[in-house]
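Biologist: Could you take me through this model, one point at a time?

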Amino acid sequence: MFLDASAIVAILAGEEDAGYLLAKIEMSEGLKIYSPISLFEAVISLARIVSISQFGDQVPTPPELIDEVQEDVAKFLETIRAREVSVSGSLHRNAIEAARNYGRVVGHPARLNFGDCFSYACAKEYRLPLLFKGDDFSKTDIDAA
């Protein structure tokens, strides 16, 4: 399965559906992968969530908090034995196709953003189901994990 940042964030932030998403990962016997883009998005989103909970939304996120969250995300990904894959070659074509077909920019109901388009492209490229939170990807042709 390909791990979208939304699933990583939901699990590590302890959101309502964290247990469900974690169970999906634990039940999966296949390959678990993520991209540098998913990792970046998860780390920055989680750091912002933690920062807002500790300092409020009017204070910038402290750089050391980003470092701490990055370590937590890395430990989680190591624990579930997920591996990072490159975003290279012609993957951008699949991401552009996702934006053209399902993107926010074209007004599609899925409203995929930059990170979503690359998660979609990676899942398609590696022929894996996508683990995600929310209903955006369910409005596309991607296979859900």
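This is a predicted model: local features need pLDDT of at least 70, side-chain atom pairs count only at pLDDT 80 or more; totals for chains, interfaces and linings use all residues.

Modeller: Residues are numbered from 1 along each chain as its sequence is written, and side-chain values use heavy atoms, with hydrogens and water left out.

Biologist: How are α1 and α4 oriented to each other?

Modeller: Helices here are DSSP runs (H or I, at least four residues), strands are E runs of at least two, and both are numbered from the N terminus. Axes are lines fitted to C-alpha atoms, for helices over the stretch in contact, with angles from 0 to 180 degrees between N-to-C directions. The axes of α1 (residues 5-12) and α4 (residues 63-79) come within 11 Å and cross at roughly 100 degrees. Angles of 65 to 115 count as roughly perpendicular (under 35 is roughly parallel, over 145 roughly antiparallel, the rest oblique), so α1 and α4 are roughly perpendicular.

Biologist: Which residues of α1 and α4 make the contact?

Modeller: Contact means heavy atoms within 4.5 Å. The residues of this contact divide into 6 nonpolar, no polar and 1 charged. Nonpolar covers Ala, Val, Leu, Ile, Met, Phe, Trp, Tyr, Cys and Pro; charged covers Asp, Glu, Lys and Arg; the others, Gly among them, are polar. The residues are I8, I11 and L12 of α1, with D72, V73, F76 and L77 of α4.

Biologist: Which residues does V73 touch?

Modeller: Residues up to four places away in sequence are not counted. V73 then touches I8, L12, L39, V43 and L46.

Biologist: Is Q54 buried or exposed?

Modeller: Q54 is found in helix α3. Its relative accessibility is 51%, so Q54 counts as exposed.

Biologist: How many residues apart in sequence are the parts that K133 and E15 tie together?

Modeller: A salt bridge is a side-chain nitrogen of Lys or Arg within 4 Å of a carboxyl oxygen of Asp or Glu. K133 and E15 form one, with the closest N and O atoms 2.5 Å apart. K133 lies in the segment after β4 (130-131) and E15 in the loop between α1 and α2, so the pair ties together parts separated in sequence by 118 residues.

Biologist: Where does K124 lie, the salt-bridge partner of D141?

Modeller: The side chains of D141 and K124 meet at 3.4 Å, N to O. D141 is partly exposed at 41% relative accessibility, and K124 is partly exposed at 34%. D141 lies in the segment after β4, and K124 lies in helix α6 (residues 114-125).

Biologist: Which residues do salt bridges with shared partners join into one network?

Modeller: The structure holds 4 salt bridges. K139 and D135 form one of them, at 3.6 Å, N to O. The network made through shared partners joins E15, D17 and K133.

Definitions and conventions: Buried means under 20% relative accessible area, exposed over 50%, partly exposed in between (1.4 Å probe, protein chains only).
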